[in-house]
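Good morning, colleagues. Please take a moment with the sequence and the coordinates before I turn to helix packing and pockets.

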Amino acid sequence: MRYLTAGETHGPQLTAIVEGMPSNLPLTAEPINEQLERRQKGYGRGKRMQIEKDAAQLLGGVRHGKTTGAPIALVVENKDWKAWTTVMSIEDVEEGSEGKRRLNRPRPGHADLNGGLKYNQRDMRNILERSSARETTVRVACGAIARQLLEQFGIKVASQVISIGGIQVERQELPLEELRRVTEESPVRVVDKNAEEKIIAAIDQAKKDGDTLGGVVEVIVEGCPVGLGSHVQWDRKIDGRIAQAVLSIQAFKGVEFGIGFEAANRNGSKVHDEIIYSENGEFRRSTNRAGGIEGGMTTGMPIVVRGVMKPISTLYKPLQSVDIDTKEAFTAQVERSDTCAVPAAGVVMESVVAWEVARAFMEKFGGDSLEEIRANYENYMAQVRAY
Ligand code: EPS
């Protein structure tokens with residue numbers, strides 16, 4: 001399974017090709033659009049989200065509501081494109097128009113300067129346009145397809161925001177469905193009303209200050225069978241693969257599983273999860289400090305993974321930068337952006353984690369049709385139960 005995306009934040013559309021989905025998987029635009037709508041929400045977003053109403057169009061690989069096994073093509077239109085037809089024109093433009101909205105004062109923390117130097121672009125808009133987190137729209141769409149596959153096997157994904165701007169959320173042990181319901185009702189996707197209020201106030205303050213806020217998001221995957229991923233080769237370890245996917249999200253800077261970095265401070269006896277044999281004939285762990293992964297393989301316990309998002313680097317009160325034409329000190333360019341996108345990033349992180357779990361699932365159970373995969377899955381589960 002793999003996917004590629006293309007498209008610019010102010011271009012006509014975002015495009016994705018999804019390869020390796022089995023045939024006979026029920027699929028329409030509806031469950032994809034549900035996820036796209038979730039991604040657009042969240043307190044702290046800027047004006048762009050009022051312009052867009054993201055909706056996926058499926059253009060290949062699906063017929064009569066089911067996948068055919070062919071590559072799936074999908075696009076999401078950028079409604080804002082109408083305001084950018086000259087600046088983002090595919091064809092050459094009239095003389096004098098090519099410098100419109102040129103980016104020549106790179107934003108610290110963004111891809112602007114490195115990309116400009118590397119791709120030899122004197123207009124760093126060519127870097128901004130592609131490095132923008134707008135691209136996460138189609139990644140969420142691809143993740144939504146992966147989720148359809150996982151749901152066929154009872155694997156469910158949810159998330160919650162753990163902190164924003166240093167304000168910690170009080171943890172609650174909620175069943176997955178309850179966690180989904182509560183976080184969906186919160187404008188900052190938290191389970192704690194007290195923290196919610198403080199976070200909203202902090203976002204308002206940051207906005208007033210022309211500043212931005214980052215935070216931590218946790219994703220939980222329930223219902224994974226034991227043995228997704230493998231210990232035998234470095235690039236088959238599922239924690240490594242999930243970590244790469246999480247760090248590939250725009251502005252993500254750190255990742256941890258289970259108790260994560262806290263493991264460095266504890267004795268081994270307080271880190272590892274004891275093994276028990278349950279009454280219903282399953283090997284389980286009495287705790288889940290490992291976050292559902294040992295030896296690069298799923299244990300059958302929920303996968304618990306957290307990602308750190310840095311504050312967005314486009315600042316309305318910009319930091320010091322340099323004008324690439326004059327080489328003189330100048331403040332960085334201001335572009336329309338968000339004060340805080342951590343709640344939306346939770347939906348993005350769910351999507352990329354779902355994709356990696358589905359990819360490992362397909363490697364384990366193979367098959368070109370859903371029926372073939374199900375037979376392989378059931379055969380393996382019988383083997384695990386008889387162990
Ligand atoms: C967007 C994410 C952010 C928004 C963007 C839409 O991307 P960036 O990484 O560039 O800050 O600011 O919208 C704009 C670029 C704009 O024109 O407002 C998203 O998640 O859709």
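In this predicted model, I begin with the residues through which α9 and α10 meet. On the α9 side these are Phe361, Met362, Lys364 and Phe365, and on the α10 side they are Ile373, Asn376, Tyr377 and Tyr380. By class, six residues of this contact are nonpolar, one is polar and one is charged. At what angle do α9 and α10 pack? The angle is about 80 degrees, and the axes of α9 and α10 are 9 Å apart. Angles of 65 to 115 degrees count as roughly perpendicular, and α9 and α10 are therefore roughly perpendicular to each other.

Helix α1, residues 29-40, and helix α5, residues 136-151, have axes that come within 9 Å and cross at roughly 135 degrees. That angle makes α1 oblique to α5. The crossing of α1 and α5 is right-handed. From α1, the contact involves Pro31, Ile32, Gln35, Leu36, Arg38 and Arg39. From α5, the contributors are Thr136, Thr137, Val140, Ala141, Ala144, Ile145, Arg147 and Gln148. Sorted by class, the contact of α1 with α5 comprises seven nonpolar, four polar and three charged residues.

The largest pocket holds about 860 Å³ of space. It is lined by 37 residues, of which His110, Ser131, Ser132, Ala133 and Arg134 are the closest to its centre. Which elements each supply at least two residues of this lining? They are α2 (48-51), α4 (125-131), β10 (252-257) and α9 (342-365). The largest share, three residues, comes from α9. The lining of the largest pocket divides into 14 nonpolar, 12 polar and 11 charged residues.

The second largest pocket has a volume of about 720 Å³. Among its 26 lining residues, those closest to the centre are Val226, Phe283, Thr299, Gly300 and Val384. Two or more residues of this lining are given by each of β9 (215-222), β12 (283-285), β14 (297-298) and α10 (370-385). Here α10 provides the largest share, with five residues. By class, the lining of the second largest pocket has 13 nonpolar, seven polar and six charged residues.

To close, I return to the opening pair: α9 gives the largest share of the lining of the largest pocket, and α10 gives the largest share for the second largest pocket. Thank you for your attention.

Definitions and conventions:
Residues are numbered from 1 along each chain as its sequence is written. This is a predicted model: local features need pLDDT of at least 70, side-chain atom pairs count only at pLDDT 80 or more; totals for chains, interfaces and linings use all residues. Side-chain values use heavy atoms; hydrogens and water are left out. Axes are lines fitted to C-alpha atoms, for helices over the stretch in contact, and angles run from 0 to 180 degrees between N-to-C directions. Helices (H or I, at least four residues) and strands (E, at least two) are DSSP runs, numbered from the N terminus. Angles under 35 degrees count as roughly parallel, over 145 as roughly antiparallel, 65 to 115 as roughly perpendicular and the rest as oblique. A crossing is left-handed if the near helix is turned anticlockwise from the far one by less than a right angle, and right-handed if clockwise. Contact means heavy atoms within 4.5 Å. Ala, Val, Leu, Ile, Met, Phe, Trp, Tyr, Cys and Pro count as nonpolar, Asp, Glu, Lys and Arg as charged, and the others, Gly among them, as polar. On a 1 Å grid over the protein atoms alone, a cavity is a set of points where a 1.4 Å probe fits but cannot get out, and a pocket is an open set with protein on both sides within 12 Å along at least five of seven lines; lining residues have an atom within 4 Å of a point. Grid points are joined across faces, edges and corners, and a volume is the space filled by probe spheres set on the points.
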